[in-house]
Amino acid sequence: MLAYSLRSLAQGALVLVAVAFIAFSMFRFVGDPVVNMLGQEATLQDRRELTERLGLDAPFPVQFARFIGNAARGEFGVSYRQGRKVSDLIRERLPATLELALLSAIFATGAGILLGVYAAINRDGFLSNLVMTGSLVGVSLPTFLIGIGLIYVFAVELRWLPSFGRGETVALGWWNTGLLTDSGRKSLIMPVLTLGFFQLTLIMRLVRAEMLEVMRAEFIRFARARGVGERTIQLRHALRNTLIPVVTIAGLQLGSVIAFAIVTETVFQWPGLGALFVNAVQFADVPVMAAYLMFVAAVFVVVNLIVDLTYFALDPRLRSGARLAKGH
Amino acid sequence: MRSHEPETAPPENVSPAPEPRLPALARAWDSDLAHAFRSSPVAMLSALIALTMIGAAVLAPLIAPQNPFNPAELNLMEGMTRPGQANEFTGRSFLFGSDPQGRDMLSAVLYGARVSLLVGAASVAFSAVFGVVLGLMAGYLGGRVEAIIMRIADIQLSFPAILIALLIFGVARGVIPPAQQEDATLILLILAIGLSNWAQYARTVRGSTLIEKGKEYVQAARVIRRPAFVIMLRHILPNVMGPVTVIATINLALAIIEEATLSFLGVGMPPTQPSLGTLIRVGQQFLFSGEWWILFFPALMLVLLALAINLIGDWLRDALNPRLK
Amino acid sequence: MTAPPPPGAAPVLEVRDLVFEFRTRRGVLRALDHVSFDIAKGEVLGVVGESGAGKSLTGAAIIGLIEPPGRIAGGEIRLEGARIDNLAPDAMRRIRGRRIGMIFQDPLTSLNPLFRVGDQLVETIQIHLGLDDAAARARAIALLAEVGIPAPERRIDGYPHEFSGGMRQRVVIALALAAEPDLIIADEPTTALDVSVQAQIITLLKRLCRERGTSVMLITHDMGVIAEIADRVAVMYAGRIVEIGPVGAVIRAPRHPYAAGLMGAIPSLEGGRARLLQIPGAMPRLDRIPSGCAFRPRCGQAFAPCSERVPPLMAAGSGLAACWLLDADMTAEAAR
């Protein structure tokens with residue numbers, strides 16, 4: 001198990017280095033960082049000094065190594081547009097995005113598994129057909145339209161929920177949470193539904209398909225032949241076998257919730273990283289883009305690791321495989 | 001497949017041209033795919049909707065009531081007319097209403113759909129060609145070429161397309177001088193969306209290529225030393241077109257949504273040459289004051305278009321039944 | 001060989017005129033056509049035939065594991081005299097595992113890979129016998145020991161993938177016997193196993209069932225297995241039983257031409273009649289079953305009545321066979 005975790009950790013590190021290389025290349029080759037920071041009117045002297053101070057005169061591998069070293073400490077320099085340290089910008093906005101993404105992920109997984117199991121068990125029921133058709137419409141519905149639709153109904157017409165922002169937040173150290181106030185919680189509802197909806201339809205369809213597949217397996221027939229009740233077969237025997245493939249794909253999907261938050265945050269003017277990134281793209285603010293890219297990659301690596309560990313917990317075949325590998 | 005040549009010469013009073021075409025048409029009508037199509041009401045309805053919308057969008061300059069982006073045709077007095085109601089000053093009525101500048105929303109939607117479809121179709125064509133070529137190379141050549149291509153595809157597939165498109169777009173913004181950025185947007189969008197979607201084609205085509213490569217006819221072609229690219233194009237490509245068509249159809253819906261999303265985020269088509277996404281972005285600000293139609297009709301067009309194409313893609317996947325995951 | 005069942009003893013299982021149909025878009029397909037047989041207490045009935053003859057379907061119909069569009073369209077199934085073919089789902093579920101056990105072909109796929117062997121045993125025991133956890137576990141260990149799993153108190157906590165194919169089939173047998181059923185339906189129990197362990201599994205099954213007096217319906221296409229453990233044998237063809245009788249008699253002197261062809265297809269052990277009879281043609285598909293005797297198109301001895309009426313099972317030697325050749329009137333008429 002240890003060896004297996006180490007291997008996926010090494011793979012994750014490799015992905016991080018590859019993404020870091022892309023981020024670094026953006027830094028180095030998109031526009032001239034010196035011009036970007038000093039403006040067109042700076043003197044030659046100023047430019048030479050800054051070039052030296054930024055280490056831009058060093059050989060390429062040295063610069064890349066420095067970049068990775070800085071990135072590991074969360075330092076990506078100063079935003080071209082806002083003139084503030086990128087690490088500060090990220091830290092301010094991280095809680096908003098993480099709270100949104102985490103709640104969406106929980107919503108999408110929970111509701112997705114429930115609906116998927118329901119649709120699989122009551123295969124030809126009216127409600128499951130409705131849910132399945134709805135999910136197909138959902139795939140064709142762009143995220144931003146869902147958000148706009150929710151805003152129109154619940155903020156403009158019914159005036160139940162705020163249409164933008166996080167509401168009041170409470171500071172716990174450097175972490176600003178919206179979970180502790182009424183207005184903060186109300187503000188979360190629509191963004192969470194919007195962000196979670198796409199993943200929900202995806203997970204639901206996946207769970208249904210996998211479960212129907214598992215229900216055709218021989219061991220299910222054998223369980224019936226042993227006299228096990230249908231509900232026990234569905235919820236004990238079939239569900240666990242269903243969840244193994246679902247965990248992988250759902251896990252990867254949830255990693256992308258962070259990136260999908262870009263759209264949701266724009267619709268709800270949510271002060272998170274996604275909105276920061278969209279602004280950076282509009283103005284080619286390379287340090288912010290690079291930092292965001294590294295952040296998303298890091299989230300992916302962490303999610304992958306968690307998925308691998310969950311896999312171990314769920315599938316005994318892997319556990320003994322790892323035991324064997326360790327024995328040799 | 002080659003059409004069956006008639007053995008006897010055609011009678012002289014019949015022109016030879018339509019002769020071989022008729023059986024071809026009849027064959028197409030009689031094929032399994034056509035049968036499946038005629039027995040699926042959902043597919044037929046979706047095709048009807050999609051074709052109507054595509055037709056209306058392509059013919060927009062001919063059928064739209066006005067050119068919504070020619071200032072000379074707009075009348076400010078006619079601004080904010082409700083759908084189907086007569087304007088209080090001029091008495092003119094607009095089926096889909098009008099925006100604050102007196103622009104007919106029906107015309108705006110038709111022109112917007114035209115831009116959306118153009119970007120969607122072009123980016124799908126781009127990613128399909130790019131992905132198929134890389135997939136063929138990976139599958140046929142193998143070795144290091146395969147390892148590198150598939151590794152990049154794997155990494156890219158684990159990130160959402162919208163993020164990749166945004167990055168490509170942002171980088172291009174940094175490289176292209178500001179003065180030319182607006183003109184370049186269309187091309188940039190096509191490239192960004194196209195480049196963010198090639199990996200799925202490459203993966204599928206590589207898989208099919210590996211299967212075809214092992215078959216006898218390809219082995220025979222290799223034995224007689226046909227050049228690699230001839231074998232790939234003549235022998236392998238036709239056999240992977242089924243899955244590619246399915247992916248391309250579904251991707252067309254995705255690309256249209258992706259373009260709308262980018263434009264909605266403000267990094268796509270500018271308001272002077274709007275796509276459906278831009279129109280929705282602009283319309284959003286009128287939602288709070290109750291002028292819902294400025295947003296509603298572009299949104300409806302977008303959803304119907306995406307849904308119809310998605311349903312066709314779904315049906316096509318079932319009908320052709322290639323092994324897709 | 002055990003003696004044939006004493007006449008008068010009530011059979012454990014009675015199947016009478018069982019008809020099984022599939023409703024498809026192209027009409028109703030009849031997969032079982034008036035199948036009738038009994039299994040006496042402690043008896044082993046072998047059921048043989050080509051794949052598609054309806055052997056497995058008969059087993060599935062008895063234990064009530066049929067899936068739509070298939071359905072029982074006629075006939076009766078009685079377990080110790082009481083009808084079970086028309087029970088409510090929950091009543092039928094209580095019979096499965098408790099009074100009728102089942103063993104499937106492939107032990108690799110019969111066990112849920114994510115549950116310990118012990119979990120699956122304890123589950124089955126508790127459903128039917130209502131024992132507490134400790135007692136159920138003790139019984140599970142005893143069962144594993146009985147089917148020949150070494151160190152059962154340790155192996156009970158193993159997962160299926162940690163067992164070899166033969167060992168897994170032993171676990172499956174333990175599961176089938178867990179609640180001491182009256183009848184075991186074994187559907188090709190050795191087909192998926194290595195040749196080297198097939199004999200062990202068959203011997204084990206035979207010993208355990210004899211010790212308990214459990215009846216067995218053994219479905220197989222392997223005449224060697226039948227000869228090894230069956231008391232009687234039923235030969236199926238195209239959804240009908242064409243011959244049924246004591247195993248020695250059917251193997252040595254089959255009365256139905258199809259059974260004769262099937263027996264001829266195994267080289268005899270004595271080496272006396274080692275010629276291999278080839279039956280020309282193939283079994284018809286369900287939607288192409290000919291009128292009269294289904295075997296007629298492939299039969300070298302077919303004559304007039306064969307195409308007109310379905311031959312019923314009639315006395316032939318010590319068993320029954322469904323062939324007009326055995327009907328003196330028909331043959332006499334044809335001879336005239």
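How many helices and how many strands are there in chain B? Chain B has 13 helices and 0 strands. Read along the sequence, the pattern is α-α-α-α-α-α-α-α-α-α-α-α-α. Keep in mind that this is a predicted model.

The mean pLDDT of chain B is 79. Of the residues in chain B, 87% reach 70 or more. Helix H5 of chain B, residues 105-141, has the highest mean pLDDT among them, at 90. Helix H1 of chain B, residues 18-30, has the lowest, at 54. Over residues 1-21 of chain B, the pLDDT is below 50. Beyond near neighbours in sequence, that stretch has 7 contacts in the model. Where pLDDT is low, the predicted coordinates should not be read in detail.

Chain B has 325 residues, and buried ones make up 42% of them. Now take the contacts in chain B with a separation of 6 or more. Residues 24 or more positions apart account for 67% of these.

Along its principal axes, the C-alpha trace of chain A spans about 85 × 65 × 35 Å. Among contacts in chain A with a separation of 6 or more, 70% join residues 24 or more positions apart.

Chain A is divided into domains. Domain 1 is made of two segments of the sequence, 1-30 and 284-328. Domain 2 covers 33-70, and domain 3 covers 88-273. The C-alpha centres of domain 2 and domain 3 of chain A lie 45 Å apart.

How do two packed helices get described? The angle between their axes and the distance between the axes do the work.

Which residues of the two helices meet? On the H5(A) side they include Thr97(A), Leu100(A), Ala101(A) and Ser104(A). Further along H5(A), Val117(A) and Ile121(A) are also among them. H10(A) brings residues including Gln234(A), Leu239(A), Leu254(A) and Ile258(A). By class, this contact has 11 nonpolar, 4 polar and no charged residues.

H5(A) also holds Leu102(A). Is Leu102(A) buried or partly exposed? Leu102(A) counts as partly exposed because it has 14 C-beta neighbours inside 10 Å. Leu102(A) and Gly12(A) are 90 residues apart in sequence. In space, C-alpha to C-alpha, they are 21 Å apart.

Now look at where the chains touch. The contact between chain A and chain B takes 33 residues from chain A and 32 residues from chain B. On chain B, the elements that give two or more residues are helix H7 (161-175), helix H11 (228-265), helix H12 (276-287) and helix H13 (293-320). H7(B) provides the largest share, 10 residues. By class, the chain B side divides into 24 nonpolar, 7 polar and 1 charged.

Chain A also touches chain C. Here 19 residues of chain A are in contact with 24 residues of chain C. H9(A) gives the most, with 7 residues. By class, the side of chain A that touches chain C has 7 nonpolar, 5 polar and 7 charged residues.

Asp17(C) has a positive phi of about 50°, although it is not a glycine. Asp17(C) lies in strand S1, residues 13-24, of chain C. Asp17(C) counts as exposed because it has 12 C-beta neighbours inside 10 Å.

Glu180(C) also is not a glycine, and its phi is positive, near 50°. Where does Glu180(C) sit? Its place is in the loop between helix H7 (165-177) and strand S7 (183-187) of chain C. With 13 C-beta neighbours inside 10 Å, Glu180(C) counts as partly exposed.

Note on methods: Residues numbered from 1 in each chain as written. Chains lettered and ligands numbered in written order. Predicted model: local features only at pLDDT ≥ 70, side-chain atom pairs only at ≥ 80, totals over all residues. Helix = DSSP H or I, 4+ residues; strand = E, 2+ residues; numbered from the N terminus. Nonpolar A, V, L, I, M, F, W, Y, C, P; charged D, E, K, R; others polar. pLDDT = per-residue confidence, 0-100. Domains from an automatic or database assignment. Buried ≥ 20, exposed ≤ 12 C-beta atoms within 10 Å, placed from the backbone.
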